[in-house]
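Welcome! Take a moment to look over the sequence and the 3D view, and then we can walk through some of the details together.

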Amino acid sequence: MLKLFVASAELALPLCVLSAMLIANRSYAPTRRQRVGRLTVASLGTGAVAAVVIVWLRLNTQHIRLPVINIWAGTFLLAAQFAFLAALWLMTRRPLVTDAPGRRSRFLTWTSLASLLLVNLYYGIPLYIAIDGVVPMNGTLFASDSLLNLIGYILGVVVTAFAGWIVAVSLGRVPSLARRIVTTLAMAVAIVCQWAPLYQQYAAVKFVPKSSLNFDVLLWIQRNSVPILLAYVVLSVVPAVIAIVTRRRAAPADAAPAERRLVRADTISRRRFLGASVVVGVGLAATYTVGKQIAEAVPELSPIEPSVVNGDNVEVDVVAVSDGHLHRFAYEASGGTEVRFIVIQKNASAAFGTGLDACEICGPSGYYERDGKVVCRKCDVVMNVQTIGFAGGCNPIPISYDLADGKLLFKVAELEQQAKVFR
Amino acid sequence: MGKVALGATALVLALAGCSGAPEETTATTPGGTTTTSESPAAEETDGTVVGIQEKEVGDSGPQEAGDYLIVSAVYFQAVDLEHGSMNMPPASDSDMHFEIDIKTTEKAKDIGYEADQFMPYLKISPKLTEKTTGKVVDLGTLMPMIASDGPHYGNNISLDPGKYTVELTIQSPADDFMLHTGKDTSGVKGRFWTDPLKVTFDNFEWDGQLL
């Protein structure tokens, strides 16, 4: 659940913050508010629906090649963003809502809507493709794991969408220059993060020469995803801070009581938005740092349980391993190598799954139990317990056992032979 | 709502049409000849199928390993695998499908293979070294599997973006696969290699983008 929450919150933040800033920077006449509103919903919806359809086609058909789609979507998005920024600064100090919107005003609105559509397409694809991780391997959508994952995913999107709503409202309350600067900074972060991967995609189709410098920039972006997300978080809190600093502090002495109430209500609203913005911002920052660390933490292996070397066998008490949980043992081979092996009872039957605490793919990284399932510590593959004891893939390398006098007997010779896996 | 659906449909159709444009992959044969080709893993059966686009691992091209093998390394989008009793990483948790293609050489006739054949029972272990950090990533042993373009060794893997040198260690199949060595006409004159073969693919730039 936490893993999907962190993943969706990471992928949705740029989408929500950029969408909010684009929405906050539309310009229109008060009489055309509803029409611009409908166009906004249409732009956002078209981009989002197109992204969902592309993801569905990518996951279920052979009709989509994502790198090529990213080239087209990324190119048009960059063009739309630059046009939007030009329109934003061409507006200078003109008000966004005006009775007589001119060409600059219309240019700003259309570039904002075009960018909104493309932002929802370009950033929507990786966000919606992450939903493929909701159902674990060999699981079903209606299993508890899947439902918890789905809740985590949706919660991540909802929290970031809430952050976006706060940005859209707060940005509409700040002075023109501050609004343009904050919007430009967010767009600049986005453009830098889009440009390097796009150049790499251009180079892949030989449209431009390969560039080591660009690849280094791309690596820097990939390796600094957390600071970049935190930059978005800061930029999402700033409008609410500016809105409270620049609020109208008091109505004139001769103002009507209604106007005074309006000023007071506006201040209260701005304070509430600032409070909500800070709470969501701190929550998101914690998600990208502490939450991410917890979600990606590699669990420690459980302690080695006692076993007895008796002649040619290592003996394990059957009673101790008949609870359906994973048990770990070790044998010290000649040369001092610790050969770890695991035992788990299969479905309350008399059969046991036995194998080394290592697999052919991941080596001696070990297995742990998570919510009643056996999981590879290195690659996070969830084992089907019924298949433990069969060779191949990420399965524990099988070892044989005999059952006699209430004990599982493992051959010392076999464990000695397998010591090479742990060296 | 109708306009949104119409717009989204038009957008998807336009982009899907564009996505049919092939990417080029460049391959250099061990002989040094450079060829540029499209290399979809899935055969294009009709105009709407765009297939998976294999990308070369690094810029070294196919490598000769010992006397009998030509080894190519490619990667593409992670794929779900049908795996019987084996447990393998699912596509949804993986960054890519990492694949090693094996073809026999003319000289492999000495051990009974025709040229250009897949060789089974190899244990291939890739070790990736990130050039700037020095971090070593051990991909373990790749599993044998078959796709629409034939058998290969591979796995779905997760990998941090970086510039890697990929070193493959290829164990001889001698422990699992016997040779006829009698003097009769079924016997082969060659023998499997004894020391593991090493093959290197350099300058593998993995940018971490969706494939």
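Predicted model: local features only at pLDDT ≥ 70, side-chain atom pairs only at ≥ 80, totals over all residues.

**A pair of helices in chain A**

- Two packed helices are described by the angle between their axes and the distance between the axes.
- On the α9(A) side, the residues making the contact include A:V226, A:L229, A:L230, A:V233 and A:I244.
- On the α10(A) side, they include A:R270, A:R271, A:F273, A:L274 and A:Y288.
- Sorted by class, this contact holds 15 nonpolar, 4 polar and 2 charged residues.

**A look along helix α10(A)**

- How far apart are the end C-alpha atoms of α10(A)? They are 56 Å apart, which agrees with the 58 Å that its 40 residues should span at 1.5 Å a residue.
- α10(A) also has a kink of about 40°, and the kink is centred on A:T287.
- A:T287 is itself one of the buried residues of α10(A), and others among them are A:F273, A:L274, A:G281, A:L284 and A:Y288.
- Which parts of chain A do the buried residues of α10(A) pack against? They pack against α1 (2–24), α6 (144–171) and α9.

- A:I244 lies in helix α9 of chain A.
- A:I244 has 18 C-beta neighbours inside 10 Å, so it counts as partly exposed.
- Leaving aside neighbours within four places in sequence, A:I244 is in contact with A:R270, A:R271 and A:L274.
- A:I244 and A:S269 are 25 residues apart in sequence, while their C-alpha atoms are 9.3 Å apart in space.

**Two other helices of chain A**

- Helix α3 (residues 66–90) of chain A has 25 residues, which at 1.5 Å a residue should span 36 Å. Its end C-alpha atoms are 35 Å apart, which agrees.
- After α3(A) comes A:T92, whose phi is positive, near 45°.
- Helix α2 (residues 33–60) of chain A is where you will find A:V49.
- Is A:V49 buried or exposed? A:V49 is buried, because 21 other C-beta atoms lie within 10 Å.
- A:V49 and A:L117 are 68 residues apart in sequence, and 10.0 Å separates them in space, C-alpha to C-alpha.

**Loops and a segment after a helix in chain A**

- A:D380 is not a glycine, yet it has a positive phi of about 65°. Look for A:D380 in the loop between β7 (373–376) and β8 (382–383) of chain A.
- A:D380 counts as partly exposed, because it has 18 C-beta neighbours inside 10 Å.
- A:D405 also is not a glycine and has a positive phi, of about 50°. A:D405 sits in the loop between β10 (402–404) and β11 (407–411) of chain A.
- With 7 C-beta neighbours inside 10 Å, A:D405 counts as exposed.
- A:F422 lies in the segment after α11 (412–417) of chain A, and A:F422 is partly exposed, with 16 other C-beta atoms within 10 Å.
- Not counting residues up to four places away in sequence, A:F422 touches A:T337, A:E338, A:V339, A:R340, A:A358 and A:P364.
- A:F422 and A:L356 are 66 residues apart in sequence, and in space they are 9.6 Å apart, C-alpha to C-alpha.

- Of the 211 residues in chain B, 32% are buried.
- Among contacts in chain B between residues at least 6 apart in sequence, 61% join residues at least 24 apart.
- The contact between the chains takes 42 residues from chain B and 48 residues from chain A.
- Helix α1 (residues 2–19) of chain B gives the largest share of the chain B side, 11 residues.
- By class, the side of chain B that touches chain A has 20 nonpolar, 15 polar and 7 charged residues.

Definitions and conventions:
Residues numbered from 1 in each chain as written. Chains lettered and ligands numbered in written order. Contact = placed C-beta atoms within 7 Å. Helix = DSSP H or I, 4+ residues; strand = E, 2+ residues; numbered from the N terminus. Nonpolar A, V, L, I, M, F, W, Y, C, P; charged D, E, K, R; others polar. Expected span 1.5 Å × (residues − 1). Bend = angle between axes of the 7 residues up to and from the residue. Buried ≥ 20, exposed ≤ 12 C-beta atoms within 10 Å, placed from the backbone.
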